[in-house]
Amino acid sequence: MTHRHCRAADDRVMNPRTVSALLLAALGVVVLALWGDPFSLQLVAYLPILIAGWLTGSDKAPAAGEVLGSWVLWRSVLILVAAGVLFWLARRTWPREHLLGHLDRPRLRRVLYSSVAIAAACPLFYAVTRIAWVLGIPLGLDAEFLESIQSIVNNGLVLGLLAVGGAVLTIGLLRPWGEVFPRWMPFVGGKPVPVRFVTRFACGVAFLVAAASAYFIRAMVTGSEISMAPAGAERYWGAWLPEMVWPVWALALAVAAVAYAERRRRAATEAYAPAR
């Protein structure tokens with residue numbers, strides 16, 4: 001490598017914009033690691049149940065004012081907003097327009113397929129435990145503890161089914177229906193799936209999962225109780241081990257979304273490129 005090429009490489013490494021972007025992203029990670037919690041994710045997951053309860057007037061559903069007026073929830077939202085602004089600034093500061101634009105086609109394909117595989121497997125690990133509990137199988141628990149939490153296992157079933165749905169949608173990043181809506185779908189059938197919608201939705205889920213995972217990891221590292229779980233849940237691996245892989249899930253899902261967007265961008269560029 002010539003001296004000029006070495007100097008150009010060093011300039012890229014020491015680019016002030018790159019350093020600034022990395023620092024901003026690191027601050028975002030710190031905010032999530034120290035103060036992230038699962039309450040925003042929990043609200044999103046349970047929202048259909050809450051809405052159904054409010055519409056039917058169920059006495060088991062908390063009042064809308066009680067949910068929306070909770071400081072715990074708004075604190076969770078504020079933390080997400082703070083971390084989100086830091087990550088947004090990091091992305092805007094990053095000198096390269098396309099994050100994975102430097103990868104050749106085979107490497108981009110490997111990144112996409114491997115990240116999708118990981119991002120789909122992690123939620124399935126969680127789903128298996130929760131669905132097993134509904135079926136009466138004390139996977140990761142003991143029979144006595146499972147009996148004591150029968151009143152809430154259906155909540156776990158809802159979360160488990162959402163996790164399965166998330167895994168299916170993640171696999172869709174590799175499938176034709178992840179690029180073009182199936183024709184049987186009303187109004188949008190046969191139309192291209194908006195790339196920005198997919199990437200923002202996936203990154204939003206990754207963001208919520210990352211914040212939630214930080215809470216569980218802090219609880220297990222410090223040996224404290226999981227406040228949102230039944231007393232004694234931290235003694236059983238089924239109640240906490242699936243959440244320990246959520247940081248991997250969040251990172252893999254974000255990478256998969258970016259790789260998906262890059263593949264769609266290249267496909268569109270090639271489609272509109274003039275014939276030679």
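What follows is a dialogue about a predicted model and the terms used to describe it.

Colleague: What makes up the secondary structure of the protein chain?

Modeller: The protein chain has 11 helices and zero strands. Read from the N terminus, the order is α-α-α-α-α-α-α-α-α-α-α.

Colleague: What makes the pair of Asp37 and Arg75 a salt bridge?

Modeller: The N to O distance between the two side chains is 3.4 Å, and the cut-off is 4 Å. The contact therefore qualifies as a salt bridge. It is one of five in the structure.

Colleague: Which parts of the chain does the pair of Asp37 and Arg75 tie together?

Modeller: Asp37 is in the loop between α2 and α3, while Arg75 belongs to helix α5, so the bridge joins parts 38 residues apart in sequence. Arg75, at 32% relative accessibility, counts as partly exposed.

Colleague: How do you know that Glu179 and Arg263 form a salt bridge?

Modeller: Their closest N and O atoms are 2.8 Å apart, against a limit of 4 Å. This pair links distant parts of the chain, with Glu179 in the loop between α8 and α9 and Arg263 in helix α11, 84 residues apart. Glu179 has 28% relative accessibility and Arg263 has 23%.

Colleague: What separates Arg265 and Glu262 in helix α11?

Modeller: About one helical turn, because Arg265 and Glu262 are three residues apart in helix α11. Their side chains meet in a salt bridge, 2.6 Å from N to O. Glu262 is buried at 3% relative accessibility, whereas Arg265 is partly exposed at 29%. Glu262, Arg265 and Arg266 are linked in a network of salt bridges.

Colleague: Why are the buried residues of helix α10 said to be on the same side?

Modeller: The buried residues of α10 (residues 237-244) are Gly238, Ala239, Pro242 and Glu243. They cover an arc of only 125° around the axis, which puts them on the same side of α10.

Colleague: What makes up the largest nonpolar core?

Modeller: This core has 31 residues, and those with the most contacts inside it are Leu32, Leu80, Trp246, Trp249 and Leu253. At least two residues each come from α2, α5, α6, α9 and α11. The largest share, 11 residues, comes from α9. A second, separate core has 13 residues, among them Leu100, Leu108, Leu112 and Leu173.

Colleague: Which residues is Trp246 in contact with, leaving aside neighbours within four places in sequence?

Modeller: Trp246 is in contact with Leu41, Tyr126, Val209, Ala212, Ser213 and Phe216. For the protein chain, contacts between residues 24 or more positions apart make up 74% of those with a separation of 6 or more.

Note on methods: Residues are numbered from 1 along each chain as its sequence is written. This is a predicted model: local features need pLDDT of at least 70, side-chain atom pairs count only at pLDDT 80 or more; totals for chains, interfaces and linings use all residues. Side-chain values use heavy atoms; hydrogens and water are left out. Helices (H or I, at least four residues) and strands (E, at least two) are DSSP runs, numbered from the N terminus. Contact means heavy atoms within 4.5 Å. Buried means under 20% relative accessible area, exposed over 50%, partly exposed in between (1.4 Å probe, protein chains only). The arc is that of the directions from the helix axis to the C-beta atoms. A nonpolar core is a set of buried Ala, Val, Leu, Ile, Met, Phe, Trp, Tyr and Cys residues joined through side-chain atoms within 4.5 Å.
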